[in-house]
Amino acid sequence: MPRLWRLEGTIDTDVLAPGFYMKSPLPELADHCLEAVCPDFARTVRKGDVLLSDANMGVGSSREQAAEVLKYLGISAVIAPSFAGIFYRNAINLGLPVFTIDESFMRTPSLANGARVKFNFDAPELLILDNATCIKLIPIPDFLKELILDGGLVPHLEKRFLQEGSHS
Amino acid sequence: MITLAKKLLSDASGKANLDVGDIVICNVDLAMIHDSGGPRRVKPILERLKRNVWNKKKIVVVTDHYVPVENDETRAIQALTKKWVKDNEIDNFYDEQGICHIVLPERGHLTPGLFCVGGDSHSPTGGAFGAYMFGIGATEMAGVLATGSIWIQTPETILMLWQNQLRKYVTAKDMMLAMCRKIGMGGGRYQAIQFAGETIRNLPMQERMTLSNMAAELGAQAGLIAPDETTIAYVEAAGGQVPINWRDFQIETAEETSNITQFDAANLSPQIAAPHSPENSDNACEFRDTAFDVAYIGACTGAKYIDLLAAADVLKGKRIAKGVILKVAPASLRDQHRAAEDGIMQILEDAGADFLANSCGICAGYGEDRLADGQVCISSTARNFKGRMGAQSSSVYLASPYTVAASAVTGMLTDPRLVMED
């Protein structure tokens with residue numbers, strides 16, 4: 001059952017993808033993801049887990065590895081009251097669902113680290129199974145939804161080029 | 001009249017009457033990539049898409065991250081970069097000439113009215129020239145290189161209105177650290193920040209670049225400054241093509257500009273931002289008696305010619321304090337040569353500075369000189385996130401080149417006005 005990772009404080013791109021390991025292959029970089037704030041994260045995160053962060057998630061560098069390592073480690077969605085713009089775009093371009101949550105929900109006690117959760121992309125919401133709470137997330141424009149559903153920008157462009165090719 | 005941001009996006013998308021929030025597809029006039037996020041990352045994606053670059057003349061490649069190469073991994077990255085540039089017949093290739101955000105304008109690539117993307121988060125630097133420029137990741141860059149276009153959500157304009165004159169030894173960097181405290185790192189909400197007012201109009205281009213550069217730290221997508229005669233003189237001297245309609249982009253405020261934050265430059269003192277965020281800033285004098293190990297003048301933010309000049313102004317005839325080291329990494333080779341011709345490099349050397357390559361280096365936590373365990377640094381760079389410049393246990397204070405140099409002289413964090421005679 002997917003679990004919630006509740007990260008507190010500012011999660012910047014150096015914390016997600018430390019500069020020193022940027023020259024290394026993705027699996028090695030991923031081993032160091034969030035180690036500065038949550039040393040066990042890379043070792044214990046499981047496929048489908050959901051990450052909930054405080055405001056301005058992913059602030060800092062343009063390195064898309066910050067989003068890529070989360071996807072590589074199996075994170076199914078990143079939720080925060082607000083995102084740094086480049087991180088937000090990078091996540092969508094890599095097909096990693098990112099959703100904003102109304103700040104008022106951040107105080108919900110059951111949104112705790114380790115809570116058993118279920119994430120619903122289509123009607124964006126986060127179900128907390130421990131007490132059957134449902135938290136609505138803020139919907140995104142259809143254009144961005146399509147990019148994520150296609151699996152990110154590259155598969156999206158492949159699809160587009162294929163369509164253009166078949167028309168010509 | 002519409003905002004400068006809307007005017008630039010309207011021109012790039014061919015769509016008039018844009019509303020804030022509208023998603024439009026814009027044609028890209030210039031795409032800048034560097035050795036870290038560039039060829040090594042976009043090459044496999046372009047191969048997968050079976051596409052070549054859309055326009056080799058609109059692409060600029062700069063090596064500035066893995067410079068100098070330090071091992072086989074980084075040597076391979078540079079070899080791949082050079083081969084990709086050759087295979088794709090990119091003429092605009094600047095190999096080890098300095099940091100991309102400085103090299104781009106000094107070689108005349110930025111002019112008012114352009115719509116540009118850069119594969120680096122400090123790409124808003126281009127906004128200082130009245131261009132719309134923002135940073136994107138490698139996958140999105142590959143998409144631009146394949147199609148020549150990119151989606152963008154029409155931003156609102158957040159105006160930073162600065163009145164009056166800066167006092168001596170107070171700089172654009174101090175203005176920026178004050179803005180970081182005032183609106184916070186998320187305050188830009190990924191909208192377009194525009195810097196305007198008398199103070200801005202009186203700043204030389206390299207100081208304006210510091211403001212636009214750190215629009216990234218304000219969380220903005222772009223950091224615009226309306227072009228004026230100062231802009232045009234710089235672009236012409238750099239060999240750039242000034243568009244005949246450049247005055248069309250001379251827009252400071254529009255009817256719809258309602259989000260305005262006002263600042264009084266005359267009341268601003270030198271600022272220092274404490275670890276681990278640029279928004280932890282306060283008057284430099286509040287940090288007196290704070291010891292440190294390394295003083296660093298480097299990066300696109302803080303080691304341009306004008307920054308080296310400021311450091312030399314403080315360090316002339318002085319020596320750095322015992323027990324601290326001063327490292328200087330001039331932001332571009334051209335600025336370093338100019339500084340050498342003007343005697344600035346000699347002043348820095350005589351004061352006890354060590355010189356590093358014209359690259360991102362320590363600022364990005366790259367290379368052998370990165371901060372060691374527990375080291376404390378005062379730096380003219382843009383970011384002091386935990387561990388950014390080296391070991392997780394290191395910490396970084398941010399300040400202007402004046403303040404970094406003054407601190408190097410005393411060995412404690414110091415307001416530069418305290419070491420200057422006038």
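Buried area is the accessible area that two parts lose on being put together, summed over both. With that in mind, the tour of this predicted model begins where two chains meet.

**Stop 1: the interface of chain A and chain B**

Select chain A and chain B together. About 3,300 Å² is buried between chain A and chain B, and carbon and sulfur atoms give 57% of that area. To display the contact itself, select the 35 residues of chain A and the 44 residues of chain B that take part in it.

Next, turn to the charged pairs. The interface of chain A and chain B holds 5 salt bridges. One of them can be shown by selecting B:Arg388 and A:Asp14, whose side chains meet with N and O 3.5 Å apart. Chain A and chain B also have 13 residue pairs in polar contact, both residues being at pLDDT 80 or more.

Now colour the chain A side by element. Helix 4 (65-72), helix 5 (85-93), helix 6 (142-149) and helix 7 (153-167) of chain A each give two or more residues to the side that touches chain B. Which helix of chain A gives the largest share of this side? Select helix 7 of chain A, from which 8 residues come.

**Stop 2**

In the contact, 38 residues of domain 1 of chain B meet 41 residues of domain 2 of chain B.

The area buried between domain 1 and domain 2 of chain B is about 3,300 Å², with 59% from carbon and sulfur atoms. Select B:Ile99, B:Tyr169 and B:Gln206 next: these residues supply 21% of the area that domain 1 of chain B buries against domain 2 of chain B, more than any other three residues.

How many salt bridges cross between domain 1 and domain 2 of chain B? There is 1. A salt bridge to select in chain B is that of B:Glu217 with B:Arg383, in which the closest N and O atoms are 2.6 Å apart. Polar contacts across the interface of domain 1 and domain 2 of chain B number 20 residue pairs, with both residues at pLDDT 80 or more.

On the domain 1 side of chain B, select helix 4 (100-106), helix 6 (172-183) and helix 8 (205-213), the elements that give two or more residues to the side touching domain 2 of chain B. Helix 6 of chain B gives the most, with 6 residues. By class, this side of domain 1 of chain B consists of 14 nonpolar, 12 polar and 12 charged residues.

**Stop 2: individual residues of chain B**

Begin with B:Lys6, in helix 1 (residues 4-13) of chain B. Is B:Lys6 buried or exposed? B:Lys6 counts as buried because its relative accessible area, 8%, is under 20%. Show its side chain: it reaches the backbone oxygen of B:Leu18 at 3.2 Å and makes a polar contact with the side chain of B:Glu256 at 2.9 Å. Not counting residues up to four places away in sequence, B:Lys6 touches B:Leu18, B:Asp19, B:Val20, B:Thr154 and B:Glu256.

Move to B:Thr125, in the loop between strand 5 (115-118) and strand 6 (132-135) of chain B. B:Thr125 is buried, with a relative accessible area of 3%. The side chain of B:Thr125 reaches the backbone oxygen of B:His122 at 2.4 Å. Leaving aside neighbours within four places in sequence, B:Thr125 is in contact with B:His101, B:Met209, B:Ser212 and B:Asn213.

Then select B:Thr199, in helix 7 (residues 198-201) of chain B. B:Thr199 is buried, at 2% relative accessible area. Beyond its neighbours within four places in sequence, its contacts include B:Trp162, B:Met175 and B:Ala265.

Finish at B:Lys322, in the loop between helix 11 (305-315) and strand 15 (325-328) of chain B. B:Lys322 counts as exposed because its relative accessibility, 84%, is over 50%. From B:Lys322 to B:Gln97 the distance is 33 Å, C-alpha to C-alpha, and the two are 225 residues apart in sequence.

Definitions and conventions
Residues are numbered from 1 along each chain as its sequence is written. Chains are lettered from A and ligands numbered from 1 in the order in which they are written. This is a predicted model: local features need pLDDT of at least 70, side-chain atom pairs count only at pLDDT 80 or more; totals for chains, interfaces and linings use all residues. Side-chain values use heavy atoms; hydrogens and water are left out. Contact means heavy atoms within 4.5 Å. Buried area is the accessible area (1.4 Å probe) that two parts lose on being put together, summed over both. A salt bridge is a side-chain nitrogen of Lys or Arg within 4 Å of a carboxyl oxygen of Asp or Glu. A polar contact is a pair of N or O atoms within 3.5 Å; within protein, one must be able to donate a hydrogen and the other to accept it, and residues adjacent in sequence count only if both atoms are side-chain atoms. Helices (H or I, at least four residues) and strands (E, at least two) are DSSP runs, numbered from the N terminus. Ala, Val, Leu, Ile, Met, Phe, Trp, Tyr, Cys and Pro count as nonpolar, Asp, Glu, Lys and Arg as charged, and the others, Gly among them, as polar. Buried means under 20% relative accessible area, exposed over 50%, partly exposed in between (1.4 Å probe, protein chains only).
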